[in-house]
Amino acid sequence: MPLMRSWVESANSAETEFPLNNLPYGVFSVGDGDLRCGVAIGDRILDATGLEATGLLRADADADVLDAPNWNDFMELGPTAWARYRADLQRILAEDADERLQDAAVSYSVPMARATLHMPFKVAEYTDFYAGRHHATNVGTMFRGPENALPPNWLHIPIGYNGRASSVYVSGTEIRRPWGQLKSPDHDAPAFLPSRRFDIELEMGAIVGQPSDGPVSVQQADDMIFGYVLLNDWSARDIQAWEYQPLGPFQAKATATSISPWIVTKAALEPFRVSTPAREKELLPHLREPGPMLYDIPLSVSIQPENAKESTLLAHTNYKEMYYSSAQQLAHHTTAGSPMTVGDLLGSGTISGPTRPERGSLLELSWGGKEPITLATGETRTFIEDGDTLTLSGAAEGDGYRVGFGDCTGKVIAALTDPYER
Ligand code: CA
């Protein structure tokens, strides 16, 4: 599919992440104004809440679903309404749109540079997976040796854990270094200290837009997914190393999860669908994919120390490196009966490629802290230092256009002097 041209000139640039082909959903405010639902188009944000109130662009004939500081009520409407609203948006914003509609859309839009972006949806519950094969192999090799890198269940189910929705933040939120109980192999007793091995995990997040009641097939799971965000699963490796056996991560992942400000809809990603890699072990029938449900989305992560003029590219990889798609993860999530709800967020698991520059965490890039990384400033890093800003970027690449999410960024600030004295 080629670039779809819009009368918003900045949306026709080959560089923008927000052409008419994309139309991602977010939440914005200007100055002290209310939080409103918005749609990114080029360098502007269309005020979806305002357009709904005028009656020019409605998702539902009866209910003002966009009169809210999130897209949850809109998601609740379901795939038919999602498709109709997207078609209406494309009609209003297309190059040949009726001039009366263009004038209305101009008066209900703001320059993105003037807006503050907020959480685009209310996270109902949050689950994170461990479904990237290169990542699992790298981490497993470090901890258990190359022969036992993948646990015996890994090729049969997408491994996951239930995380916390309460610590999911929008891009731009500062992340305070956590304290936690650590035990270094060199000491006999654990100590309570600020984490010294604070890390990122480059992931995608899938947003569940329809509820389930009982087990769903992989195809039904794909139909339930509303869209995707970039996701950084901030991870305290030293807390993790001490706590993770036998039940997996807990406080190591409880500090923060950052997401990109824009939800890119499944519809916008449709041209970029690809299949999961060849199965080494055939999956049980209920987890097999009926069609391509991963996406070809180049991703990267960069670091910028405090006061540094330039950032350093740490890694570049691609969402298509995942072994399990979000649809397979969601299907697996429903197998034992837990209902899924609108606004559930599923982290893909760290996305690493097969080579060193494609590793999606500092744990892998520095090989457990043993191989420091030299930055553009000449400094070195094994894990994150206070003042570092970490940025995830990603955009699918079409014929003369890009479909992006807006950066997912976070600056790490110093731990509290004493977390119990406030
Ligand atoms: Ca993770």
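The C-alpha centres of domain 1 and domain 2 lie 29 Å apart. The domain assignment, automatic or from a database, gives domain 1 as residues 9-118 and domain 2 as residues 126-413. This is a predicted model, in which local features need pLDDT of at least 70 and side-chain atom pairs count only at pLDDT 80 or more, while totals for chains, interfaces and linings use all residues. Residues are numbered from 1 along each chain as its sequence is written, and side-chain values use heavy atoms, with hydrogens and water left out.

**Interface of the two domains**

- The contact (heavy atoms within 4.5 Å) takes 27 residues from domain 1 and 27 residues from domain 2.
- Domain 1 and domain 2 bury about 2100 Å² between them, and 64% of this is on carbon and sulfur atoms; buried area is the accessible area (1.4 Å probe) that two parts lose on being put together, summed over both.
- Of the area that domain 1 buries against domain 2, Glu-17, Tyr-25 and Met-75 supply 29%, more than any other three residues.
- Between the domains the count is 0 salt bridges, a salt bridge being a side-chain nitrogen of Lys or Arg within 4 Å of a carboxyl oxygen of Asp or Glu.
- On the side of domain 1 that touches domain 2, two or more residues each come from β1, β2, α2 (72-76), α3 and β5; helices (H or I, at least four residues) and strands (E, at least two) are DSSP runs, numbered from the N terminus.
- The largest share of that side, 4 residues, comes from α2.

**Open sheet**

- An open sheet is formed by 5 strands in the order β4-β3-β2-β1-β5, with antiparallel pairing; two strands pair if DSSP finds at least two bridges between them.
- β4 (109-111) and β5 (115-118) are at the edges with a single partner strand each, so one side of each has no neighbour in the sheet.
- From one strand to the next the twist averages 45°; axes are lines fitted to C-alpha atoms, for helices over the stretch in contact, and angles run from 0 to 180 degrees between N-to-C directions.
- Strand β3 (residues 44-47) pairs with β4 in the antiparallel sense over 3 bridges, and Pro-111 in β4 is the bridge partner of Arg-44.
- Helix α3 (residues 79-93) packs on the sheet and touches β1 (25-30), β2 (36-41) and β3; the direction of α3 makes about 60° with that of β1.

**Salt bridges**

- The whole structure holds 19 salt bridges.
- In one of them, the side chains of Glu-280 and Arg-133 meet at 2.5 Å, N to O.
- Glu-280 lies in the loop between β18 (273-274) and β19 (294-295) and Arg-133 in helix α5 (residues 133-144), so the pair ties together parts 147 residues apart in sequence.
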